[in-house]
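Q: Could we go through the side-chain packing of this structure together? I am new to it.

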Amino acid sequence: MNGEDDQKSNEAGPSVEYSSQVSTESDDENLKRAKNFMLGITGASPPKYVSLEEIMKATDGLKNMALAHEIAVDKNFKLEKLGVDEIGLHKQVKEIIHKAFWSLLEEQLAEDPPNYIQALVLLKEIKGTLDELVLPHHKKIRENINEVLDVDLIKQQAENGVLDFQHYAHYVMNIMSKICAPVRDDRIKELRQCTDVVETFRGIMEVLQLMRLDLANFTITMMRPNIVASSIEYEKTKFAEFLKIQSDGLRYTRVWILKHLNEKKIETATNDPNSIKQITHCLLAEAYLDLLQFDFTPNAETLMLDQGRLLELRDKTNRMSIISSVLLLVNNIAGPAIHGISSFKKQIKDHLNVILESVHSNKDLETVMPNVLLQVKADLKATLEEIGAPSMPPETETILDGQILDLVNPEHKIRYLVNLRIRQFLEKLILSQSAAPQQIPPGLSSLQEELASISAQFLILVSHNRSVFGDYYQDIVAEALRQTENGKTLTMDET
């Protein structure tokens with residue numbers, strides 16, 4: 001769903017009528033204007049939230065490629081409450097409208113006799129939401145809702161001055177407690193203790209929104225295998241449409257894939273489709289692994305939907321590599337005194353993760369490495385004092401300083417070795433034809449959890465990308481091999 005649609009679904013009516021006044025009028029004036037605006041609307045609604053139907057429509061038929069892709073490649077994907085990140089004018093406008101609705105409801109209920117115009121609108125909205133949330137097999141609950149929240153009957157009660165609004169609040173909460181996820185039980189219990197009817201209904205609307213998201217996320221979880229399969233075909237179709245309007249829609253993809261096509265691989269190639277498939281498989285493994293290197297930008301056309309995710313994984317991988325290199329250096333230089341002290345390793349990991357969070361390139365690393373050194377020395381000193389070990393001799397400290405600062409060089413022997421081990425580990429996973437467990441590389445045992453997390457995310461991306469674009473990759477390799485057979489030497493520009 002695009003941002004514009006998200007905003008529309010969260011607004012109770014248009015904002016253009018008063019948006020120009022937000023920055024110049026007082027809150028009271030804006031609230032009054034909003035109340036008048038709502039009074040002028042027939043059937044004014046309570047603050048709108050995105051409905052389950054609107055959420056699921058985005059995945060129904062996979063009309064929204066980006067959302068379908070998110071679900072396919074992120075096994076932990078969940079829809080979040082919309083509107084929490086809204087800023088600026090739109091947020092101000094929405095807050096004024098919401099405040100106006102509840103303020104108007106409170107004023108109407110306080111009239112003598114009470115005015116139930118807004119209350120009827122609210123109950124109708126709640127009934128509609130409960131209808132969405134009740135599952136098909138809960139027929140008795142649905143029948144009971146239709147019977148108790150009969151809009152015509154409630155309207156008659158209001159006209160005769162016998163409408164018990166508090167009674168309906170408790171009824172709605174009872175229904176919610178029967179159909180909500182357990183995580184919402186505490187909030188509903190809190191609402192039961194509330195004595196202010198307006199605040200109770202405000203809380204009911206908030207919980208109903210969360211229940212919509214709970215149901216949507218549950219549905220997505222159940223449908224995920226089908227969504228993944230459909231997403232692959234849908235992305236293939238959409239990418240084929242993209243290629244039809246591009247003179248060369250695979251230009252950067254070709255460069256990326258063929259970077260590791262060397263003479264040795266060409267010599268082993270034959271016209272056999274299986275040979276081409278195997279070479280493509282090997283080239284892809286190396287190409288995917290290149291994406292995790294600092295200063296490598298994933299600009300291939302076939303990586304468009306995953307650029308941000310790949311950049312994040314790249315940064316996580318390099319952060320893990322630097323931390324592992326630091327731990328190896330400290331263990332080797334500081335000596336046996338700190339060997340086996342898991343709390344020290346955890347402390348280093350936690351502190352360096354924070355310092356390295358802003359590092360997205362080797363240049364960034366050069367900037368923060370002095371801070372890394374200071375933090376490591378501080379943690380090391382504290383640990384040595386804690387275990388009663390002597391401080392490092394000045395000459396040893398000088399060696400540690402130089403080695404850690406030298407880690408900014410990608411060719412530093414420790415950093416190079418760690419990077420190589422990470423790459424080889426991931427390469428085995430990509431090339432493996434089985435689900436057999438892989439041994440954690442030496443020197444990375446302290447970051448086993450981080451390595452496992454990165455590996456899982458990376459393999460999902462690789463698998464999905466290969467499923468969608470595998471035919472294109474194989475065609476690119478086959479064409480490159482044909483050109484070399486014809487005696488033509490491929491240059492980077494030609495690829």
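**Packing and aromatic pairs**

Q: Which residues does Phe-458 touch, leaving aside its neighbours within four places in sequence?
A: Phe-458 is in contact (heavy atoms within 4.5 Å) with Tyr-288, Leu-289, Leu-292, Leu-310, Leu-313, Leu-426 and Ile-430, once neighbours within four places in sequence are left aside. This is a predicted model: local features need pLDDT of at least 70 and side-chain atom pairs pLDDT 80 or more, while totals for chains, interfaces and linings use all residues. Residues are numbered from 1 along each chain as its sequence is written, and side-chain values use heavy atoms, without hydrogens and water.

Q: What about the largest nonpolar core?
A: That core has 74 residues, and Trp-256 and Phe-458 have the most contacts inside it. A nonpolar core is a set of buried (under 20% relative accessible area, 1.4 Å probe, protein chains only) Ala, Val, Leu, Ile, Met, Phe, Trp, Tyr and Cys residues joined through side-chain atoms within 4.5 Å.

Q: Changing topic, how many aromatic pairs are there?
A: There are seven, counting Phe, Tyr and Trp (six-membered) rings with centres within 6.5 Å. One of them, Phe-165 with Phe-201, is stacked (planes under 30 degrees apart), at 4.3 Å centre to centre and 15 degrees between the planes.

Q: Where do those two sit?
A: Phe-165 is in helix α9 (residues 165–179) and Phe-201 in helix α11 (residues 197–244), so their pair ties together parts 36 residues apart in sequence. Helices are DSSP runs (H or I, at least four residues), numbered from the N terminus.

Q: Is Phe-201 buried or exposed?
A: Phe-201 is buried, at 0% relative accessibility.

Technical notes: Phe/Tyr/Trp six-rings, centres within 6.5 Å; stacked < 30°, edge-to-face > 60°. Helix = DSSP H or I, 4+ residues; strand = E, 2+ residues; numbered from the N terminus. Buried < 20%, exposed > 50% of the residue type's maximum accessible area, 1.4 Å probe, protein only.
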